Amino acid sequence: MSPKTRAVLIAAGGLAIYVTLCVTSMRWSACTFDEVIHLPPGWVSWTLGDHRMNPDHPPLLRRVAALPLLFMDVRMQTDDHAWQVSRPWEFGKRFLFRWNDAGRMLFWGRLSMIVWVGCALGLAVFAWTGRLAGFPAAGFALFLFVLGPDMLAHGQIVANDLGITLFLFLGVIAFERLTERVTAARVALVGLALGAGMATKFSGVALVPILGVLGLIVALRPEPLAVSPPRGPARRVDTRFAKLAVLAGCFLPIAVVAAAVVWAAYGFHSPLARDAAANAAFDWSRIQPPNPLVRAPFALLKTLQLMPDAWTYGFLHFLDHAQTRPAFLMGEHSETGWPHFFLVTFAVKTPVPLLLLGVAAAVVAWRERADWRRLAFVWGPFALYFVLALTRTINIGHRHLLPVYPFLFVAAGHAAATLWNARARRGAARAALAVLLAWYAAGTLRVHPHYLAYFNELAGGPANGYKYLVDSSLDWGQDLIGLRAYMERNAVPRVKLLYFGTADPGYYGVACDRLPGYQPPPPSTLVREVRPGDIVAVSATHLQGVYLDPAVRALADQLRARRPVAVIGHSIFVYRADFAWSLPS
């Protein structure tokens, strides 16, 4: 068997396992919190060319997810009030749970994400690791990707977190090739990756400073830079200033290509809404940056129409709302987050074997620092994005750190191959590696199908996860199906539900009375009391008091002080009340 055939078979087998694990897992996952504002607007953007719903996120990934919906009989009421006044949460819930079959739509939308985003990322990790460190390293890196709990958790959700991970990674890969030989095609590929990132999530602009730093490193190295212009002979650039000038000159065409990709993602339509009245309702004055030095570039973008108005408005709204948000970390609450938040999430959400391989990879990188290119392009983006994440004041989910993981897989795959091929004490090295990989696989498969709830042994496993993190790090409203199964098994006719999520419990067969939690939009009726003997089901996020009014937080405090009779998927806690509580009028 040729090496190429073997590589193809390994990649196909690994990705087949990844798809299987994702699909079997998502059968147990109800609609997660943000899917109602991604999948329905994706269909709307294809069919109506309208971006009024969810301007907080660019449309590329939701359009990818909504592709299968174009072949379905989809119903939408354009006279609906939520549509006319641009209320995305309310519109999304009606679109999925009232007008259409949410389960069928989510299945095909999620499958589209698994295939086009998750598998693409796995293939990119495999291919680039093989290029940098050889085939054995590529196989180990693919293994780490396929069984990565975060890759499995977010690969099956219609959201943009794994998408931005893919495009940031592809941008670095494309730029690494560009710095080996500058060609028009490689410049275009960098622009495509940058544009796709910016059309997926506004944090995609982080690729610009990352590529800038990498370009500076390349320019300062003594190695010459090869340049192949479209016309004329190839040449080699030797001086630092000349290399810096060549790479800086690439950024204008990269920006042009990136802007074209963003325009294409918006269907080459600038306004947020096709309806003039709906478009006029978006108040630009409320989201203008207070600093005139920041405000001026965006005014120029809008005046010259360099970017779609829908993208510019969304980015300004993103900046305006990126300052405060209720957050939870290890028993503490904050509106502005913690500088160490992502250090903690990385420590408790990353499998311990991967952490150990990461340490080994750092040692290998130090010993092989003569290979500066691999050191710069693997560890550089990892460190730079991690530092950028630490500056965020919105600490609502470990998912915002996902872009560091592909680089960690590459480095850890190289470290694993180094252990496998060790000359000294080869038997012991291979045995240690086998233990680490078996530990890695067992830890991930043990939590199947609840990958979002994965926590490592340092945190005490998934059972203790709610003590460290909540919100999208653990509890995104995904366990209604498991709650229904529990009620059926234990003949529980009805529960009082304090739910953190946007899914319709009734759609998933959960007979409940809703307690006042955080769910946009609120249900039409709420119960305001708990009596002794009531069965109360509460989401982990609300159990820790996040997003609750003080009076309802008092109920969560009483529940948290008691032992639950059951825990569903590590994210919904079930109690039999032995106390009375009522919401003050």
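Leaving aside neighbours within four places in sequence, Arg63 is in contact (heavy atoms within 4.5 Å) with Gly42, Ser45, Trp46, His51 and Ala265. Arg63 belongs to helix 3, residues 60-66; helices here are DSSP runs of H or I with at least four residues, strands are runs of E with at least two, and both are numbered from the N terminus. With a relative accessibility of 10%, Arg63 counts as buried, a term that means under 20% relative accessible area, with over 50% called exposed and the range in between partly exposed (1.4 Å probe, protein chains only). From Arg63 to Gly509 the separation is 446 residues in sequence and 29 Å in space, C-alpha to C-alpha.

The model is predicted: local features need pLDDT of at least 70 and side-chain atom pairs count only at pLDDT 80 or more, whereas totals for chains, interfaces and linings use all residues. Residues are numbered from 1 along each chain as its sequence is written, and side-chain values use heavy atoms, with hydrogens and water left out.

Next comes a helix pair. The axes of helix 11 (residues 207-220) and helix 18 (residues 372-390) come within 10 Å and cross at roughly 150°; axes are lines fitted to C-alpha atoms over the stretch in contact, and angles run from 0 to 180 degrees between N-to-C directions. Helix 11 contributes Ile210, Val213, Leu214, Ile217 and Val218, which meet Trp372, Ala376, Phe377, Pro381, Leu384 and Tyr385 of helix 18. The residues of this contact comprise 11 nonpolar, no polar and no charged, where Ala, Val, Leu, Ile, Met, Phe, Trp, Tyr, Cys and Pro count as nonpolar, Asp, Glu, Lys and Arg as charged, and the others, Gly among them, as polar.

Turning to strands, an open sheet of mixed pairing has three strands in the order 1-2-3; two strands pair if DSSP finds at least two bridges between them. Strand 1 (181-182) and strand 3 (235-237) are the edges, each with a single partner strand, so one side of each has no neighbour in the sheet. Strand 2 (residues 225-227) pairs with strand 3 in the antiparallel sense over three bridges, and Leu225 has Val237 as its bridge partner.

Strand 11 (residues 572-576) is largely enclosed by the rest of the structure, because four of its five residues are buried. Five bridges join strand 11 to the antiparallel strand 9 (residues 535-539), with Val536 opposite Tyr575. Strand 10 (residues 566-568) is also antiparallel to strand 11, through three bridges, and Val567 stands opposite Phe573.
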